[in-house]
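Me: Hi, I'm new to this one. Can you walk me through it?

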Amino acid sequence: MITPWQGPRAPRDGLRRTHDAHAVRRFPFLASTLATSLVLAGCVGFRPDGGADLARDAAVERLGASLHAAPADASASAARDAEIATLLAQPLSVDDAVQLALLANPRLRRTLHGLQVAEADLVQAARLRNPRFTTTRTSNSEGGFKNETAVTIPVIDALVMPLAIRLERERFESARRSVAQAVVEAGLDARRAWTEAVAARQAVDYAVQVLDSADAATELAKQLEAAGNVPARDRMREAAFRAEAAAGLARARRDAVRARERLVRAVGLDATSAARLALPDRLPDVPDTLPDDDTAIEALALRERFDLQAAKFEVDALARSLGLTRATRFVNVLDLGPATVMEDGSPMKKGYEISLELPLFDWGTARVAKAEGLYRQALAQVAAIAVDARSEVREAAAARREAHAVAVGLRDELVPLRQQIL
């Protein structure tokens, strides 16, 4: 029974007990648990490359470009700006456009910084919460006092740390592959935008030639009509062709501006750098044949696509998260540590304190249900990505074959005829 002068002890979320023996002797697993946690914490730290090695390898192998770390200081930013200026000092090639996107695209840099967040979560999972120190002092009107102190350690965190580390490691691996996928997509977007921009510029040059030819034909038709050699109908037909050619040139110039701005956005240039952007006059020649690499292309996509790999790692992470949620559904707080009691006129008492969450209102069923739902959702996402991957590679292979056939036909038949007409 607590005497009035001691005052009521504010109950926390657990139970308290003092004893004459030390806590470590009463709970020998505490020392071993803490030792294991310290070993695990020492094995997990920040990587020198921040986990961007996979993205760098993907940039080299799939894009033929180099990926640099996001600039962290003024000197690194100056070096990046100098490299961008070098690329813009001459007409931009398709490979330079890809390299420029990896250097200047702010959306890609944002994705790269997200990798740092994922790595920080992994390192944090290997860190115990700091010990908690509590003290309570009560006194009576006669000058007597009572001191109670305790230092508790989050035991539940130490117990689930191995599973939490594996969970965050799976998520970190998923983030690494998502970043690699973003790097590849940024390079491919820049390559497509460059092709469209150069093609649009080449179309403007062709439309100018058509308009010049139409001007000459219209002037000749006027002279022939004045001399009585052709009827007015022929002169009006040439005038109509000239008007259509002028409208075609206006549309070509509009499309060229749009394509150029899409390229500016794809590589991430600001207004000053965009003003220095120069493009070549024409696209490279169409190859006579395409490499025959359509064999097992679906299996290649399922094996090499980073988005599918990232989704699989996310499924593994959610599976571990589900296990962790089930393991801690009843007890989320379990703190244990030594405690002392000093009372006026009595020797100091030593013991231990246990702080345990009591599952009276929340039995963890909602957390478990949410984890199960997220896990099943991720499984469905993997299946959807696999279906899309197979379909997209088949579609891309067919589109490439058809586009090559059309390009060869235009090069060998239509373009020579147009040149003769002009």
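**Around Glu119**

Reply: Let's start with Glu119. Leaving out residues up to four places away in sequence, Glu119 touches Gly45, Phe46, Arg47, Gly50 and Phe172. Keep in mind that this is a predicted model.

Me: Ok, and which helix does Glu119 lie in?

Reply: Glu119 lies in helix α6.

Me: Is Glu119 buried or exposed?

Reply: Buried. The relative accessible area of Glu119 is 5%, and the cut-off for buried is under 20%.

Me: What does α6 pack against, and at what angle?

Reply: Helix α5 (residues 94-104) packs with helix α6 (residues 106-125) at an angle of about 55°, and their axes are 6 Å apart. That angle makes α5 oblique to α6.

Me: Which residues meet there?

Reply: From α5 you have Ala101, Leu102, Leu103 and Ala104, and they meet Pro106, Leu108 and Arg109 in α6. By class, this contact of α5 with α6 has 6 nonpolar residues, no polar ones and 1 charged.

Me: Switching topic. How do α7 and α8 cross?

Reply: Helix α7 covers residues 155-226 and helix α8 covers residues 232-267; their axes come within 7 Å and cross at roughly 165°. α7 and α8 are therefore roughly antiparallel to each other, as angles over 145 degrees count that way.

Me: Is that crossing left-handed or right-handed?

Reply: The crossing of α7 and α8 is left-handed. Sorted by class, the contact of α7 with α8 has 26 nonpolar, 2 polar and 14 charged residues.

Me: Now α3. Which residues are buried there?

Reply: In helix α3, which is residues 53-63, the buried ones are Leu54, Ala55, Ala58, Ala59 and Leu63. Looking down the axis of α3, these buried residues fall within an arc of 140°, so they line one face of the helix.

Me: And what's on the other side of α3?

Reply: Val60 and Glu61 are there, and they're exposed.

Me: What comes just after α3?

Reply: Gly64, which takes a positive phi of about 65°.

Me: Let's zoom out. How many helices and strands are there in the protein?

Reply: The protein has 12 helices and 5 strands.

Me: How much of the protein counts as buried?

Reply: 34% of its 422 residues count as buried.

Me: Last one: what share of the contacts with a separation of 6 or more comes from residues 24 or more positions apart?

Reply: Among contacts with a separation of 6 or more, 80% are between residues 24 or more positions apart.

Technical notes
Residues numbered from 1 in each chain as written. Predicted model: local features only at pLDDT ≥ 70, side-chain atom pairs only at ≥ 80, totals over all residues. Heavy atoms only, no water. Axes fitted to C-alpha atoms, helices over the stretch in contact; angles between N-to-C directions. Helix = DSSP H or I, 4+ residues; strand = E, 2+ residues; numbered from the N terminus. Parallel < 35°, antiparallel > 145°, perpendicular 65-115°, else oblique. Left-handed = near helix turned anticlockwise from the far one by under 90°. Nonpolar A, V, L, I, M, F, W, Y, C, P; charged D, E, K, R; others polar. Contact = heavy atoms within 4.5 Å. Buried < 20%, exposed > 50% of the residue type's maximum accessible area, 1.4 Å probe, protein only. Arc of directions from axis to C-beta.
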